Amino acid sequence: MAGAGVPPYSIKKVVTVTKAYSSAVGAGEFVSEIFGDEAEELRRRGGDGGEYGATTGRPRRVGWYDVVASRYGCRLQGATDIALTVVDCLSYLDEIPVCIAYDIDGQQTVDFPTTSSLKKAKPVWTTLPGWKCDIRGIRTYEELPENCRKYIEFIEERIGFPITMVSNGPGRDDIIYRESALKNEQV
């Protein structure tokens, strides 16, 4: 920051961007990763043109939202606000799995583990109802389908950081700004 001429104490807001599902490039542990037809459908619908490498065209690894990894990432980045992106890509689902904890050797944890334990982690799922309608073009949070709002609020509550922006399409204007139920409280 000093090189940019901005002292750290001047930064009052840190917006962390997270997708409404998970994706990864390359090797490494990915607890909420999905495979087969389920993964291919999410990959095809994901992002702006799908979850494929921009240069190589290779399919990215995809999975359902991982609360444990997301909360850890938000803490490390000093998040004050969250922008939840590509929520519209989940509109086709009847139900949406969310990884809420990890099972490691029969013990559940909501804390991100060390690398050696992460290799043994299995996802603990909860399933939320989908909304089954196109949400692109909606401009206010209140206009989103109830199950979409419940999905966003569930994630917000579990990660412990306020989701103040929701993207519901690929366009620059496809962002809904909202007041958070958490009132900017951090865990």
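## A walk from the central sheet to the core

Start by selecting β1 and β5: they run parallel and are joined by five bridges. Helices (H or I, at least four residues) and strands (E, at least two) are DSSP runs, numbered from the N terminus, and two strands pair if DSSP finds at least two bridges between them. Before you go on, note that this is a predicted model, in which local features need pLDDT of at least 70 and side-chain atom pairs count only at pLDDT 80 or more, while totals for chains, interfaces and linings use all residues. Residues are numbered from 1 along each chain as its sequence is written, and side-chain values use heavy atoms, with hydrogens and water left out.

**Stop 1: the sheet**

Click on Thr18 and look across to β5, where its bridge partner is Leu84. Now colour the whole open sheet: four strands in the order β1-β5-β9-β10, with mixed pairing. Strands of a sheet pair through backbone hydrogen bonds, either parallel or antiparallel. The edges are β1 (15-19) and β10 (175-177), each pairing on one side only. Neighbouring strands here are turned by 25° against each other on average, direction ignored; axes are lines fitted to C-alpha atoms, for helices over the stretch in contact, and angles run from 0 to 180 degrees between N-to-C directions.

Step from β5 to β9: three bridges join these two, and they run parallel. Go on to β10, which runs antiparallel to β9 and is joined to it by three bridges. Here Val166 stands opposite Ile176.

Now show α4, which packs on the sheet and touches β5 and β9. The direction of α4 makes about 140° with that of β9.

**Stop 2: β5 from both sides**

Are the residues of β5 buried or exposed? Five of its five residues are buried, where buried means under 20% relative accessible area, exposed over 50% and partly exposed in between (1.4 Å probe, protein chains only).

**Stop 3: Arg178**

Move to the segment after β10 and select Arg178. This arginine is buried, with a relative accessible area of 9%. What does its side chain reach? There is a polar contact of 3.0 Å with the side chain of Glu156. A polar atom of the Arg178 side chain also lies 2.5 Å from the backbone oxygen of Ile163. (A polar contact is a pair of N or O atoms within 3.5 Å; within protein, one must be able to donate a hydrogen and the other to accept it, and residues adjacent in sequence count only if both atoms are side-chain atoms.) Leaving aside neighbours within four places in sequence, the contacts of Arg178 (heavy atoms within 4.5 Å) include Tyr141, Ile152, Glu153 and Thr164.

**Stop 4: α2**

Select 67-77, which is α2. At its start, a side-chain oxygen of Asp66 reaches to within 3.0 Å of the backbone nitrogen of Val68. Its buried residues are Val67, Val68, Ser70, Arg71, Gly73 and Cys74. To see what covers them, show β1, β4 (65-66), β5, β6, β7 (107-109) and α4, which are among the covering elements. After the helix comes Gly78, with a positive phi near 70°.

**Stop 5: the cores**

A nonpolar core is a set of buried Ala, Val, Leu, Ile, Met, Phe, Trp, Tyr and Cys residues joined through side-chain atoms within 4.5 Å. The largest one here has 40 residues, and Leu90 and Tyr151 touch the most other members. The largest share, six residues, comes from α4. Centre on Leu90: besides Tyr151, the residues in contact with it, leaving aside neighbours within four places in sequence, are Ala20, Tyr21, Leu42, Trp64, Ile96 and Trp131. Then look for a second, separate core of seven residues, which includes Val31, Val68, Cys99 and Leu118.

**Last stop: zoom out**

With everything shown, you have four helices and ten strands. The radius of gyration (taken over C-alpha atoms) is 17 Å, close to the 16 Å that the globule rule (2.2 Å times the number of residues to the power 0.38) gives for 187 residues, so the chain is as compact as a globular protein of that length. Buried residues make up 45% of the 187. Of the contacts with a separation of 6 or more, 68% link residues 24 or more positions apart.
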